[in-house]
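Here are my comments on the model, as numbered points. Please read them beside the coordinates.

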Amino acid sequence: MRETKSTCPYCGVGCGVVIEHDGAQITGVRGDPDHPANFGRLCTKGTNLHLTATPVVLQHQRLREPQKREARGMTPSALTWDEANREIADKLLAIRAAHGPDAIGIYISGQLLTEDYHAFNKLARAVIGTPHIDSNSRLCMSSAVVGYKQALGADAPPCSYEDIEAADCVLVSGANPAWAHPILFRRLEAARAAKPGHKLIVIDPRRTETAELADLHLQIRPGTDVALCHGLLHAIIWQGWTNDAFIARSTDGFAALKVLVRDWTPARAAEVCGVKEADLWLAAEWFATSPASLSLYCQGLNQSSSGTAKNTALINLHLATGQIGRAGAAPFSLTGQPNAMGGRESGGMATLLPGHRDPGDAQDWAEMAALWGVSDLPNRRGHTAVEMFEAAARGEIKALWIACTNPAQSMPDQATVRAALERCELVILQEAFAHTATARYADYLLPAATWGEKDGTVTNSERRISRVRAAIPPTGEARADWRIVRDIAALIDAGLSRAPRLAADSAEALWLEHREATRGRDLDITGLSWITLDTEGPQQWPYVAGPTARLYTDGRFATADGRARFITRPFQPTAEATSPELPFALTTGRLRDQWHGMSRSGSVPRLFAHEGRPVVRLHPDDATHLHLADGQLVRVRSRRGDVVLPLKLDGNVAPTGADIAMHWGDEFIGAQLGINAVTQGAFCADSKQPELKFSAVAIEPV
Ligand code: SF4
């Protein structure tokens, strides 16, 4: 029996795992007691990771060899790697010659490793020459990225998990860590038990398991977070709880924000948000007057057409009260995916460049051109996720290369996404699992190595870089994602009669290129090496002379003048409103034991014990009003489509709300499209993150 230390491939907590194996087969997994994210603990998903690599799963659920579909709708047949690489490179070159590099889009994943991200970024921008590379992280945290940059000057969560223990007041907004970040929730429970007088405030339209633990649950109407924050700030100013010395020394823009929130009296905010005014005053007091207040937030703020405004409205509270830059005091964005942070760092997105550079900045482009040794980078922002599939649906993007994600299930407004996939001349899917919805649309299927089979690094929510290590060889003919990219990139470069621009021969070599792109930046890791990660364990960036647990401790921020910015943004209603025709506000969320589109977690039967089938949850009073009974099949209908699901009566859902877990694809629902048939592609103007947390729907008997 052998053991290999690695990292859990599910959520952004980034727990360390010890893989037990015999060199050919993974036999068990346990928490790594030395990893500072989890100290040996694992949640249900992590505990059962080895069951995603049983011989049955490897044989029947993994994609094991390159495959090609002669025509859409046909069963794909196997071909060799050489044949697949040659044909794909030739087809991409032909599309590039006929329509230009902008006709090619690349859609990747926050579950790829940083080295894979780096390879794809170079493939898109330096080899193909397209700006259109984006990630499913767009659906996850892009509002947090822009919120941090606008307010604090850099995309950097300023704190660490240890601040959960250091905080006296924790405000959880639009997040359910009890299910989505379980190991952090355990830390929060333990911190509350150890600290008498600890305060927990939860802001969520649903009464979640996290809300059950709270001292105060503000069950707001979906989409009203900005109004709530403005009301909280009004109360803080009225009571004189602002930290005027901090505001004067370290911030700009407070006067304009004061004018905006003057009209947001707690009474008005409470009415708009559907909460008690007294609760709003109490939340303001606890947050502002506790010695250290930490906020934890996630998709409830991010997946919104005003996602950036929601993020900055919350950060405003921290700046106004000086609840930042100290132990236990910070706005802490929790990332959903295991390496959403690594994707941000390596700039594998349409609105980012490597090293937290900006596609809108000429100096940043010049630096990347010098680092990569190329002069013909496409120096503009590309299509973000929703935009990319809309461009493909219009016929502007002719080829899509998709890796480690399942947009035919996970993207909103599925009818448009699937029309885009059907219209593309070429769909390449690079994937570990064989039976995803997107696989049905692929002309080429390239088998990718996955957890337990590949080497590299990931960064978790607290800026901590951990090693991912291979315990066993890749399944069948699967290869590491970066290697697949490199080999096809070399053929494209040869077709363009130039030397290879992506020539790295190992994951570590790619990481070293990535590391160099961080030199002198806010996330500088030039003092870090894989030897350090191997000998001293996971480390937090920036890392020049050593790791950094907490940012902005000197009251200076990452803006050019060192001062944070209050962002003055008015409350905007959701992109679509409920109406007599569509009277329910549908939110989508996560189950405790499933992950995203279930391509990995769905291979473990015991993970269905917690919740075994898709349902739509509705408040019992609404069901009574509609003469609907628990268990009855109902149609959930929006402006875009509908799904038929069993009804589950649930008093934890607010009246006029409805809730469906995000994970269920068409095969579970038994319909042409999954639950994203009803969700919408409207997105935040700043972050381009779609509003998956709000769709106006009708609930009707079938
Ligand atoms: Fe994996 Fe997240 Fe669970 Fe940790 S909390 S074991 S990272 S799914």
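1. First, a cut-off for the ligand shell. A residue counts as near a molecule if its C-beta atom, placed from the backbone, lies within 6 Å of it. Around the ligand there are 14 residues, and C8, C11, C15, C43 and G46 come nearest. Keep in mind that this is a predicted model.

2. Which helices each supply at least two residues of that shell? They are helix 1 (44-47) and helix 8 (182-194). By class, the shell around the ligand has nine nonpolar residues, four polar and one charged.

3. The UniProt record, an unreviewed entry, places "domain: 4Fe-4S Mo/W bis-MGD-type" at residues 1-57. In the model, residues 1-57 are 12% helix and 32% strand. The end C-alpha atoms of the span lie 21 Å apart.

4. Now the domain layout. The chain is divided into domain 1 (67-136 + 338-523), domain 2 (142-336) and domain 3 (584-701). Note that domain 1 is listed as two segments, 67-136 and 338-523.

5. How far apart are the centres of domain 2 and domain 3? Taken over C-alpha atoms, 27 Å separate them. The contact takes 22 residues from domain 2 and 23 residues from domain 3.

6. Look at the domain 2 side of that contact. The elements giving two or more residues to it are helix 5 (142-152), helix 7 (177-180), helix 15 (299-302) and helix 16 (307-321). Helix 5 gives the largest share, four residues. By class, this side has 14 polar residues, six nonpolar and two charged.

7. Next, helix packing. Two packed helices are described by the angle between their axes and the distance between the axes. Helix 4 (residues 114-128) packs with helix 23 (residues 507-517) at an angle of about 70 degrees, the axes being 9 Å apart. Angles of 65 to 115 degrees count as roughly perpendicular, so helix 4 is roughly perpendicular to helix 23.

8. Which residues make the contact of helix 4 with helix 23? Helix 4 brings T114, E115, H118 and A119. Helix 23 brings A507, L510, W511, E513 and H514. The residues of this contact divide into four nonpolar, three polar and two charged.

9. A further helix pair deserves a check. The axes of helix 10 (residues 225-238) and helix 12 (residues 254-261) cross at roughly 105 degrees and come within 9 Å. Helix 10 and helix 12 are therefore roughly perpendicular to each other. H230, L233, H234 and I237 of helix 10 meet K258, L260 and V261 of helix 12. The contact of helix 10 with helix 12 has four nonpolar, two polar and one charged residues.

10. Two backbone details remain. A cis peptide bond joins W541 and P542, with omega about 0 degrees. P542 is in the loop between strand 19 (539-540) and strand 20 (564-565).

11. What is the phi of H356? The value is positive, about 60 degrees, although H356 is not a glycine. H356 lies in the loop between helix 17 (340-346) and helix 18 (362-372).

Key:
Residues are numbered from 1 along each chain as its sequence is written. This is a predicted model: local features need pLDDT of at least 70, side-chain atom pairs count only at pLDDT 80 or more; totals for chains, interfaces and linings use all residues. Axes are lines fitted to C-alpha atoms, for helices over the stretch in contact, and angles run from 0 to 180 degrees between N-to-C directions. Angles under 35 degrees count as roughly parallel, over 145 as roughly antiparallel, 65 to 115 as roughly perpendicular and the rest as oblique. Two residues are in contact if their C-beta atoms, placed from the backbone, lie within 7 Å. Ala, Val, Leu, Ile, Met, Phe, Trp, Tyr, Cys and Pro count as nonpolar, Asp, Glu, Lys and Arg as charged, and the others, Gly among them, as polar. Domain bounds come from an automatic or database domain assignment. UniProt positions are given in the numbering used here, feature names are shortened, and annotations may be inferred rather than shown by experiment.
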